[in-house]
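Subject: The structure we talked about, with notes

Dear colleague,

Here is the structure that I promised to hand over. Please keep it open beside this message while you read the notes that follow.

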Amino acid sequence: ELISLLTGTAVALSAGAFWGFRDRLRCHLYECCHEPDVGFNHHNIANMLFGQHLVKDVVVNAIKAHWHNENPKKPLVLSFHGYTGSGKNYVAEIIANNTFKQGLRSNFIQHIVATNDFPDKNKIEEYKTELRNRILTTAQKCHRSIFIFDETDKLPEQLLGAIKPFLDYYSKISGVDFRRSIFILLSNKGGGKIAEITLKQYENGYPREQLRLESFERDLMNFSFNEKGGLQMSELISNHLIDHFIPFLPLQREHVKSCVGAYLRKRGRADLVSNVEFVEKVLNSLQYFPESSKAFSSSGCKRVDAKTDLELAKIRPLIHSSQFDDEL
Ligand SMILES: Nc1ncnc2c1ncn2[C@@H]1O[C@H](COP(=O)(O)OP(=O)(O)OP(=O)(O)O)[C@@H](O)[C@H]1O
């Protein structure tokens with residue numbers, strides 16, 4: 001009896017070890033919905049993002065709170081608003097990189113771009129099924145999935161309506177639990193109002209860092225209500241499905257300068273960061289608004305890489321005279 005007990009235990013242990021090994025191998029080859037493939041690390045957002053104090057504060061804390069909540073009642077839904085080039089996609093990407101080892105390439109992330117993914121207005125019914133399936137199958141693979149909707153303001157009303165149940169206070173939808181997922185909605189809506197508030201602060205000589213979330217939230221909600229596509233958005237708002245409206249402020253010249261510096265470091269040209277003449281050339285090749293003060297960059301940091309590359313290409317390669325001496 002003792003022998004059969006020992007044999008049984010040995011078989012059970014080796015079966016356990018086998019399954020454990022199989023699981024580790026699978027996670028090594030593919031991607032698994034747990035550490036080290038999935039886990040929130042928020043350390044690098046602060047020094048990667050310029051001029052967006054509200055974003056840094058709200059986004060990191062909102063995700064931290066949701067991540068560590070043992071029993072969230074609904075998925076976390078963040079709505080990013082602001083002019084082009086202010087960092088909305090960039091922050092969504094940082095969140096993806098800070099959550100998944102494979103970043104945006106993770107199987108647990110869906111990046112949906114309204115105009116690219118759903119271009120044909122006559123195929124809405126088809127798109128609705130496709131979108132629903134994409135969301136369901138992704139969350140089925142991992143309860144920590146992230147869904148990024150770019151150009152949310154261009155998403156047809158019916159499609160916005162189709163995602164509503166996933167954002168709601170349900171414990172399961174078609175057998176899938178969404179309460180630990182994150183939805184990030186990006187749009188340019190409200191960008192004008194955000195710029196207006198930020199400009200007023202600038203013209204009155206107050207630091208933009210004194211601007212608080214409350215100065216923007218009401219306006220962003222009203223904008224989302226009243227504009228085209230507003231009906232479905234208004235339902236999301238009145239049902240309190242959007243947790244935070246996050247304003248991305250228009251970037252000033254000094255922030256764009258930081259973007260130029262970051263790009264030069266990335267290109268291995270840290271030596272040029274303090275080269276005033278070079279950096280000014282890049283900054284002057286961009287447009288600024290409003291006409292009167294030229295306080296903000298019209299394209300944020302968006303065209304910085306291309307403009308910096310252009311100026312880099314104009315610099316003649318450094319040729320050391322000693323090189324010639326050796327060869328002649
Ligand atoms: N606040 C910022 N701090 C640092 N880099 C930034 C910031 N904003 C933008 N960038 C840089 O500019 C690039 C373009 O920005 P991004 O694509 O995030 O803009 P966006 O707000 O999503 O614009 P759009 O509304 O046109 O989609 C980013 O990849 C990043 O390199």
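Predicted model: local features only at pLDDT ≥ 70, side-chain atom pairs only at ≥ 80, totals over all residues.

Helices (H or I, at least four residues) and strands (E, at least two) are DSSP runs, and they are numbered from the N terminus.

Residues are numbered from 1 along each chain as its sequence is written.

Confidence and overall make-up

The pLDDT is the predictor's confidence in each residue, from 0 to 100; the protein chain averages 88, and 84% of the residues score at least 70. Among the elements of the protein chain, the lowest mean pLDDT (49) belongs to helix α14 (residues 321-327), and the highest (98) to strand β7 (residues 296-297). For the complex, the predictor gives an ipTM of 0.99 and a pTM of 0.88.

The protein chain has 14 helices and seven strands. A residue is called buried if 20 or more other C-beta atoms lie within 10 Å of its own, exposed if 12 or fewer, and partly exposed in between, with C-beta atoms placed from the backbone. Of the 328 residues in the protein chain, 30% are buried. Two residues are in contact if their C-beta atoms, placed from the backbone, lie within 7 Å, and among contacts between residues at least 6 apart in sequence, 77% join residues at least 24 apart.

The protein chain is divided into domain 1 (45-248) and domain 2 (253-314), with bounds that come from an automatic or database domain assignment. Their contact takes eleven residues from domain 1 and ten residues from domain 2, and the centres of the two domains, taken over C-alpha atoms, are separated by 28 Å.

UniProt positions are given in the numbering used here, with feature names shortened, and annotations may be inferred rather than shown by experiment. An unreviewed UniProt entry lists residues 254-309 as "domain: Torsin-1A C-terminal"; over residues 254-309 the chain is 50% helix and 7% strand, and the end C-alpha atoms are 19 Å apart.

A residue is near a molecule or strand if its C-beta atom, placed from the backbone, lies within 6 Å of it. Of the 19 residues around the ligand, Thr84, Gly87, Asn89, Tyr90 and Cys301 come nearest. Helix α4 (residues 88-99) gives the most to this shell, with three residues. The shell divides into seven nonpolar, ten polar and two charged residues, where Ala, Val, Leu, Ile, Met, Phe, Trp, Tyr, Cys and Pro count as nonpolar, Asp, Glu, Lys and Arg as charged, and the others, Gly among them, as polar.

The unreviewed UniProt entry also lists a "binding site", which includes Tyr83 and Gly87. Tyr83 lies in the loop between β1 (76-82) and α4, and Tyr83 is buried because 24 other C-beta atoms lie within 10 Å. Leaving aside neighbours within four places in sequence, Tyr83 is in contact with Asn188, Gly191, Ala195, Pro250 and Gly300. Gly87 also has its place in the loop between β1 and α4, and Gly87 is buried, with 25 other C-beta atoms within 10 Å. Not counting residues up to four places away in sequence, Gly87 touches Leu49, Gln52, Phe248 and Gly300.

Some backbone details

A cis peptide bond also joins Phe289 and Pro290, with omega about -10°, and Pro290 is in the loop between β6 (288-289) and β7. Lys294 lies in the loop between β6 and β7 and has a positive phi of about 50° although it is not a glycine; with 13 C-beta neighbours inside 10 Å, Lys294 counts as partly exposed.

Best wishes
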